Amino acid sequence: MTDQSTAPDQGTNGTAGEGFLSIRGLTKRYAGFTAVDNFDLEVPKGELVAFLGPSGCGKTTSLRMIAGLVPATAGRIVVGGQDLTTVETHRRDMGLVFQSYALFPHMSIARNVAFGLEMRKVPKDEIARRVREAIALVHLTGKEEHKPAQLSGGQQQRVALARALVIRPSILLLDEPLSNLDAKLRDEMRNEIRDIQKSLGITAIFVTHDQGEALTMCDKVVVMNEGRLEQVGTPVDLYERPKTAFVASFVGRTNRLKAVAKDGAAEFAGQRVPAPAGLSGPVQVMIRPHRIALSPSTGSEGVTGTIARAIFSGDILQYDVDVGGQIVSVELATRGGETVLAPGTQVSLSWRPQDIFVYGAAA
Amino acid sequence: MSAATALAPALPPRRSRLGLIVALLAPIALINAIGFLAPVLNLARMSFYEVEPTGAMREVYTLATWAKMVTDSFYAELIVNSVSVSLGITLLTLVCSYPIALYLHRSTGTWKTILLVLVISPLLTSAVVRTYGWIAILSDSGLVNNSLGALGLPPQRMMFNLTGVTIGLTEILMPYMILALLAGFGRLDPRIEEAASTLGAPPFTIFRRIILPLTLPGIALGCLLCFVLAVSSFITPKLLGGGRVFLLATEIYDQAIVTLNWPLAATLSILVLVIFGGALVLYTRALRAIL
């Protein structure tokens, strides 16, 4: 597996169109509700793409449709120019890592990893070699003859990863692979999965509800909400240029403030903020806590408020500032030597115009 | 002295815990001793009693009955016949029950409850009544033969032979088998089957490599239970076999009630117990090999 020259990926001959994986109009309807609605996505070869969203947003259903475990109501799934929409799961050549690992409890680790190769009728000696390499890749050499129940959660997750990778799948699908691990192990596995994915150059989809995982690991993030695709972009795109109020509040932390818009501008605490054309009436204004500058002097330009609460947590000093009845959180990176302002202190807040986002209130 | 006093406080709790265990086990041990162990020992003793030519039993010890077991090929045949018929019925019951149990395991909600009640409901009726039901279906002028006749097909002999006993016992044992299988299906997980599928396993391979091995504990349990029930079943072979199918349980009944040769009945009963012991040993070995 580590030797790329002897590991030609199956089914990767030629990338048709712009994406290696191309999803068009993918829809899943159940009686009474639509789980996934008209999902379009192009994934270039070798990219790690996150499907990010709250539970029930349709991200896992989308993944299961790509794997063929759930039949699509409408739409097409094309991989490397080959339409897989109606192809059975066992002929799709995709590696899936389950949240619950789903290892075969009656087989040893080596047998678990070998299973996919046996299905592909790979010669015995090659199976032995590739299984050994895959197990080495996930640092489990020496555990070959253990049963899954004898391994820890993190080790089981590694076996699941090795089992999915050893078949050299056209696409690696990861369904919340880290959510059953404890925090320390999660960070470790995060880097490990990313490193392995990059070194193998494999195209991968990573389903998660954790925006931290999505931002830190993935080339591209697909934000989903209630079955619909909210925004597709790089982590920087999503964070700096969120298209919808949902994305702005789901990716990173943000202040959600009420304001009123008219004549192409939203008015918030006496300050006018440019608003997208067509918006009028109540709107939401969003600004990230650490993009706000705070100065103790009143009267200077900016928004005036009163400190309601000061929270010092070492590297960050957070003020909750009461601005006209709404609480605005401000985060300042500590440099040492600052005095913590007492509640009741008058302060003025300011920000750069590009850091503020205005959305319709309905969202 | 000082060592003794240091140890002393640790002793009473252990002794009282042992006392508690004995006290908790005593009632069931007593009931078992009076209700099961004593009669079995009595049976074992009876198997060594002498039988007078008139058939009367004398309380004189002899190995004659046991010698008869060894020398008379009828009894060897009886045992082999009983065991093989029971094994066959167990296997047939397994084949008939497995798909039902698998389907039941995978159903959910109200539908599962309804199905489970349907599976258990035959147990609410006695085996005698159900056997009579089979007589109505299988007899020469029963449902099946009337239907065959109406279609112009020759009638089939399905009663007073092994066919009838097999059909009847299989149906009667199915609820037990299904429940035992369900109890042993705990390791089945749809995610595991999906994982096999994504790795390239077609449906039948998933069944052979994943589902079947994971359900082996249930299969072993169900087979043990149904084999024991089949060997000891009496009413169904008696009614559907009509005295023409010779099995251990019916033979024991005949010897005890009709021929009044109690030592022979006792000897055969002990042999049945030995067979059960053998089945239990096999089951334990099989389970150890599976897990």
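Predicted model: local features only at pLDDT ≥ 70, side-chain atom pairs only at ≥ 80, totals over all residues.
**View 1. Chain A as a whole, with its two assigned domains.**
Let's start with the overall picture of chain A. Its secondary structure comes to 8 helices and 20 strands. Along the principal axes, the C-alpha trace of chain A spans about 80 × 45 × 40 Å. Of the 363 residues in chain A, 41% count as buried. If you take the contacts in chain A with a separation of 6 or more, 66% of them involve residues 24 or more positions apart.

**View 2. Chain B as a whole, also with two assigned domains.**
Here the secondary structure comes to 13 helices and 2 strands. The assignment for chain B gives domain 1 (2–46) and domain 2 (73–290), and the C-alpha centres of the two lie 38 Å apart. Taken along the principal axes, the C-alpha atoms of chain B fill a box of roughly 100 × 75 × 35 Å. The radius of gyration of chain B is 25 Å, whereas a compact globule of 291 residues would have one near 19 Å. In chain B, 29% of the 291 residues count as buried. Among contacts in chain B between residues at least 6 apart in sequence, those joining residues at least 24 apart make up 70%.

**View 3. The contact between chain A and chain B.**
Chain A brings 18 residues to this contact and chain B brings 16. On the side of chain A that touches chain B, β6 (94–97) and α2 (109–119) of chain A each supply at least two residues. Sorted by class, that side of chain A has 11 nonpolar, 6 polar and 1 charged residues.

**View 4. Helix α2 of chain A and its surroundings.**
How many of the 11 residues of α2(A) are buried? The count is 8, so α2(A) is largely enclosed by the rest of the structure. To pick them out in your viewer, look for A:I109, A:A110, A:N112, A:V113, A:A114, A:F115, A:G116 and A:L117. The packing partners of these buried residues come from both chains: α3 (124–137) and α4 (153–165) of chain A, together with α9 (190–198) of chain B. After α2(A) comes A:K121, with a positive phi near 55°.

**View 5. Helix α5 of chain B, hardly covered.**
This helix covers residues 109–120 of chain B. Among the 12 residues of α5(B), the count of buried ones is 0.

**View 6. Strands β16, β17 and β18 of chain A.**
Follow the strands in sequence order here. Strand β16 (residues 303–312) of chain A runs antiparallel to strand β17 (residues 316–323) of chain A, and 6 bridges join them. Across this pair, A:I311 has A:Q318 in β17(A) as its bridge partner. The hairpin of β16(A) and β17(A) has 3 residues between the strands, and A:G314 takes a positive phi near 90°. On to the next pair: β17(A) and strand β18 (residues 326–333) of chain A are antiparallel too, with 8 bridges. Which residue of β18(A) is the bridge partner of A:Q318? That partner is A:E331. Between β17(A) and β18(A) the hairpin has 2 residues, and A:G324 in the turn shows a positive phi of about 55°.

**View 7. A:F206 and the residues around it.**
A:F206 sits in strand β8 (residues 203–208) of chain A. Is A:F206 buried or exposed? It has 28 C-beta neighbours inside 10 Å, and therefore counts as buried; the threshold is 20 or more. Leaving aside neighbours within four places in sequence, A:F206 is in contact with A:L48, A:V49, A:A50, A:L174, A:M217 and A:C218. One of these, A:M217, is 11 residues from A:F206 along the chain, and their C-alpha atoms are separated by 9.1 Å.

How values were computed. Residues numbered from 1 in each chain as written. Chains lettered and ligands numbered in written order. Helix = DSSP H or I, 4+ residues; strand = E, 2+ residues; numbered from the N terminus. Contact = placed C-beta atoms within 7 Å. Nonpolar A, V, L, I, M, F, W, Y, C, P; charged D, E, K, R; others polar. Domains from an automatic or database assignment. Expected span 1.5 Å × (residues − 1). Pairing = 2+ DSSP bridges. Rg over C-alpha atoms; globule rule 2.2 N^0.38 Å.
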